[in-house]
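Biologist: I'd like to learn how to read charged side-chain pairs in a model. Could you walk me through some?

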Amino acid sequence: MRDLPPPLPPKTRTIGQLIAETIRADGTHFWRALPLGLPLAVADQLSVREHIPAQMVIFWICTPLFVAGYLWACRIVLGGRVSVTAAAVAILVWLPFPALRAISLNLLGVAWLAFIGLAVPAAMVEGLRFRQALERGRRLGTADYVHALGSLAALVFVVGIAANTLSALLHTQGDNGQRVAVFLSDVVLSPLLFLGGALLYVDQAARAVMSAPDAALHSSVDADTAGRTDPQVES
């Protein structure tokens with residue numbers, strides 16, 4: 001069997017390769033990443049068969065879970081330090097998402113996260129203050145917005161299709177069986193959304209350097225772009 005070609009460096013990594021790296025990271029850190037499935041699993045269980053306004057409220061109530069999930073994902077794959085600033089940035093980034101998700105079937109929500117969501121790993125990895133992190137997140141998101149938006153949209157699509165397939169396979173009989181199947185599929189598959197969002201930071205940081213060579217970049221990202229084809233992952 002011929003060896004597979006080496007993956008592209010982050011600055012030229014394709015959407016497909018980002019998804020592949022996300023799946024690899026999930027497999028490498030499966031048990032550490034498994035709790036990342038709880039935020040969406042809980043929100044889906046609470047919002048099932050609810051009207052759109054009620055769904056928005058439920059997703060807002062679950063804000064601490066989603067914020068903690070993204071912070072933990074960044075900690076797993078980037079080694080970033082969780083801080084009050086990073087948590088505050090994550091809350092601000094998340095708050096518009098439930099409304100945007102409700103009015104556009106996730107499209108506007110994904111576009112918003114692609115635009116500013118990388119402020120969270122920027123705060124953790126680069127140790128930035130609140131306003132600096134938001135500005136850095138905007139610059140990272142727009143360094144290659146097509147790649148950022150396409151990557152997050154592809155992750156949502158892949159996880160959605162896989163979750164529907166898995167829940168159909170797990171479904172037994174009756175409403176309770178269907179709800180259990182949805183819960184399990186969310187727990188197993190939705191960590192990919194958080195991990196992929198964290199790994200996207202590496203791609204966009206490398207692209208930001210290409211567009212602005214004098215931009216400051218955390219040393220771990222420098223090491224990745226210079227000598228590694230995948231982001232540094234904690235052991």
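This is a predicted model: local features need pLDDT of at least 70, side-chain atom pairs count only at pLDDT 80 or more; totals for chains, interfaces and linings use all residues.

Biologist: Fine. How many salt bridges are there?

Modeller: The general idea is to look for a side-chain nitrogen of Lys or Arg within 4 Å of a carboxyl oxygen of Asp or Glu. By that rule, the count comes to six.

Biologist: Which residue does D203 meet in a salt bridge?

Modeller: D203 pairs with R13, at 2.4 Å from N to O. Next, check where the partners sit along the chain. D203 belongs to helix α13, residues 191-211, while R13 is in the segment before α1, which covers 15-28. The two are 190 residues apart, and the pair links distant parts of the chain.

Biologist: Why does D203 count as buried?

Modeller: Buried means under 20% relative accessible area. D203 has 0% relative accessibility, so it counts as buried. R13 is buried as well, because its relative accessible area is 1%.

Biologist: What about R24 and E21: what distance separates N and O in their salt bridge?

Modeller: That one is 3.0 Å, N to O. Here the position along a helix is what to read. R24 and E21 are separated by about one helical turn, because they are three residues apart in helix α1.

Biologist: Is E21 buried or exposed?

Modeller: E21 is buried, with a relative accessible area of 10%.

Biologist: Where do E135 and R138 lie?

Modeller: Both are in helix α10, residues 130-143. They are three residues apart, about one turn of the helix.

Biologist: Which residues are linked with E135 in a network of salt bridges?

Modeller: When salt bridges share residues, read them as a group. In this case, the network links E135, R138 and R139.

Biologist: And R136, which helix is it found in?

Modeller: R136 is in helix α10. R136 counts as buried because its relative accessible area is 3%.

Biologist: Which side chain does R136 join in a polar contact?

Modeller: For polar contacts, look for a pair of N or O atoms within 3.5 Å. The side chain of R136 makes such a contact with that of E126, at 3.0 Å.

Note on methods. Residues are numbered from 1 along each chain as its sequence is written. Side-chain values use heavy atoms; hydrogens and water are left out. Helices (H or I, at least four residues) and strands (E, at least two) are DSSP runs, numbered from the N terminus. Buried means under 20% relative accessible area, exposed over 50%, partly exposed in between (1.4 Å probe, protein chains only). A polar contact is a pair of N or O atoms within 3.5 Å; within protein, one must be able to donate a hydrogen and the other to accept it, and residues adjacent in sequence count only if both atoms are side-chain atoms.
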